[in-house]
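Here are some friendly notes to read alongside the structure. Take them one at a time, and find each part on screen as you go.

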Amino acid sequence: MMTRRLTKIVLLILMWLLITIFPFTEGWAAREILFTGTPGVTGPLADISVPQQQGTEDGIKYANEKGLFGPGIKVIFKWQDSQYKVSVTVPAFTRFVEAGTFLHFTYSTGDSDAIKHMAAKANVPTIDTGYGTSPHFPPGWCFGHATTYHETLAVLGQYWLSEWKKSGKTTPPKMGIITWDNPFGRSYEAAVPYLTAIGWEVIPQVQYCATFPIDVTSQLAALNKAGADFIVSCMVPMPWSTVLKDAERLGLKSNIKFGCLTGAFPDQVIRGAGKASIGAYVVLSERLWTETNIPVVKEVVEYAKKLRGADYKAGYCYIQAFHCALMAARATKMAAEAVGADKVDGKAIKEHGLEKIKNWDSGLAPPLTFDKNEREGSRQARVWTFVEGADPIFGGDITVKCLTPEWLSSPRIVPAEYLHLFPEAWKPAKGK
Amino acid sequence: MDIRLPCGVFNTRYDKDTAIFRTKERGCLIIFIIAFFICCPFIMSNTFLSILDLIFITIICVMGINTVTGYCGQLNIGQSAFMAVGAFFSGWLAKDFSLSFWLILPIATLAGGMVGGLFGLPSLRVKGLYLALFTLAAQFIIMWSFRHIPCFGGAYGLHLKEVSLGSWDLSGPRGFYPILLLSVIIAIYCSQNISRTKVGRAFVAIRDNDLAAETLGINIRAYKALAFFISGCFAGFAGCLWAYFIQFVGVEQFTLLDSVWYLGMAIVGGLGSTLGVIFGVFFMKILEQITVSWICPILVERFPNVAGETFAGISLLVYGLVIIMFLIFDPRGLVHWWNILKVSYRLHPFSY
């Protein structure tokens, strides 16, 4: 009696296990090429990951419609929320590899770093829609799509320095830093020796703040006391908005200039900081939604409205991710031309596509060039400032104005241990 | 008489009462379960194996919480930082000293234990919420140290090489699985043994009433520190395995939220029970996968007009709700349900 019941229970458990395991193993019967992504749409970076996910999805749809992946190739895009947690990203990426993905989009520096080795083993190139430095070193299967944080800091440093000199000041300007104490926030670090070399005095006491701070008064006061003329941040819009609002409240904006690196997507800064954003600087490595005089930007903005409704406002992150999708399309097309559409796989996309991209301009970002070691693609950016005035897309009474219509270039700056791979990279003068 | 034992089974000796295999059926069931997990790499996909790998690592880490909080009653909300100690030490030893994984594993375990023990020292003076705040502080202090001590990689983190045994590549979800399975079996055995020894009984006595325990002659200071040391050892062990599984260690991988989830898993499973930890981790991790990998994508496909992130948010609501439900309706956790199931099975057809 007991044994029979035990057998029944064991059989029930086995049935349950089979039901549980099968959906994991079946995968998609894909005739088309599968591209995948793991945006953290419910994590702490959800504010930026949501439009990024939408931009990638729509960009792939657009490329499919226009045949940008090459003749005979259609791309299916699947994504899963990573929650900005490596423990969720890893199984998701493994599932996508088993499902036969040829290219994977990552949406944060942490995720890109975590799956870097797995991607190399699985022969799946990844495109990082973020701007972190660490995923690109040592050069592997992770490709950036635009200028990384530290090189945008170099661009901002050059611009501010020239303005400082134009105003007739002869003393070296002092730069203070308020940032996150994580790989994202500290991505600026590689540019500090360069800034010092060109004449900046970087205040060594870097001020760190919480991921979503509600008050940064003490950090601002410390930098003010240290004599900062400029304060730069490497964060996403919401925390930087707190910096700007606190600076306004403390009356610091009249004698200190504030700037943020490329993660401070302006549409969200306007929403977060409101009037406190006026006069602040951002250095950006993609086109803005306001530049509808550029045909590609106009087309993307209209396409977004077509897909997502007339009220949809394609902000910075959307355009950034759309550019990543176009970059994937370009690489796939090049791979298809090199090996044939039926033989395109992850390895071909990397070796015959991504690594062979030379001076390619999507129209949404500065031209990209990769090679065997180069994984960042670009080192150009432009400097913008927030001004009063109606925004052509978002309305309201604040918008952004470009201060440098041409792309400004940074020298190639790489971490010291990888200098041997980049002979053209900037090196500090001997003895410094 | 222990009603959880089948009818007719009597413990006539003390060692029988504390035996792991208390009945033949139980022994068979454990062997069957181990055999099943040994077979997993042959029947399961890499995806499912990677989920199992992460479950095993989490079980080892939560075993630590079970020891210090479940057995000894000392609140710990810094477990992921202690796990980070194991992970970063592994990365550092591999990078700067080129030590092999097999040597690093015990060193990282001990490092986790020592740091755990160090941050457990305040438990000699404070308890309850105050102690919880100490462990919270440990989370920040430890992670700050790893960010700023250059040998631990700073902003760039640390990369680790694959584990190998001769020519056998032990990396990736499939390759690393045997190591993780063996590790989790060892961890479960150790955790189960703690509860069966003098040390375990001392922990329980301290948890139930530390004043009474002291009057019984238990050195509560030494045992509290020991509980934190053991908890840290589990976390360090799990951290080392994590580092080699992912092959990259970064500060963002060990957050305060993770520490809270680990405690949540122990609560859902049933604090103070090794089996509860296993149930809790399996339940929460499978729930996570079901909502994130199955339900959300299906909803996104079925309702394309609703934004995907709306559905993705469901997963977080579900986890939170599950913990709330358990806290309100059954704080004894899943292991209590298991015990009820066992008892009702054994008493069948009687309902009492």
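This is a predicted model: local features need pLDDT of at least 70, side-chain atom pairs count only at pLDDT 80 or more; totals for chains, interfaces and linings use all residues.

1. Let's begin with chain A and its domains. The domain assignment gives domain 1 as 30-147 + 298-356, and domain 2 as 149-284 + 381-421. Notice that each domain is written as two stretches of the chain. Taken over C-alpha atoms, the centres of domain 1 and domain 2 of chain A are 28 Å apart.

2. Next, look at where these two domains of chain A touch. Domain 1 puts 19 residues into the contact, and domain 2 puts in 24 residues. On the domain 1 side, the elements that give two or more residues are helix 2 (46-66), helix 4 (109-122) and helix 11 (316-339) of chain A. Sorted by class, that side of domain 1 has ten nonpolar, seven polar and two charged residues.

3. Now for the contact between the chains. Chain B contributes 35 residues and chain A contributes 33 residues. Which helix of chain B gives the most to the side that touches chain A? Helix 13 of chain B does, with seven residues. Helix 3, helix 7 (172-175), helix 13 (274-302) and helix 14 (308-329) of chain B each supply at least two residues there. By class, this side of chain B has 16 nonpolar, 15 polar and four charged residues.

4. Stay with chain B for a pair of packed helices. In general, such a pair is described by the angle between the two axes and the distance between them. Here, the axes of helix 3 (residues 46-71) and helix 4 (residues 79-97) of chain B come within 10 Å and cross at roughly 125°.

5. Finally, return to chain A and find helix 12 (residues 346-353). Its buried residues are A:Gly346, A:Ala348, A:Ile349, A:Lys350 and A:Gly353. Among the elements covering the buried residues of helix 12 are strand 3 (101-106) and helix 11 of chain A. You have already seen helix 11 of chain A, on the side of domain 1 that touches domain 2.

Notes:
Residues are numbered from 1 along each chain as its sequence is written. Chains are lettered from A and ligands numbered from 1 in the order in which they are written. Domain bounds come from an automatic or database domain assignment. Two residues are in contact if their C-beta atoms, placed from the backbone, lie within 7 Å. Helices (H or I, at least four residues) and strands (E, at least two) are DSSP runs, numbered from the N terminus. Ala, Val, Leu, Ile, Met, Phe, Trp, Tyr, Cys and Pro count as nonpolar, Asp, Glu, Lys and Arg as charged, and the others, Gly among them, as polar. Axes are lines fitted to C-alpha atoms, for helices over the stretch in contact, and angles run from 0 to 180 degrees between N-to-C directions. A residue is buried if 20 or more other C-beta atoms lie within 10 Å of its own, exposed if 12 or fewer, and partly exposed in between; C-beta atoms are placed from the backbone.
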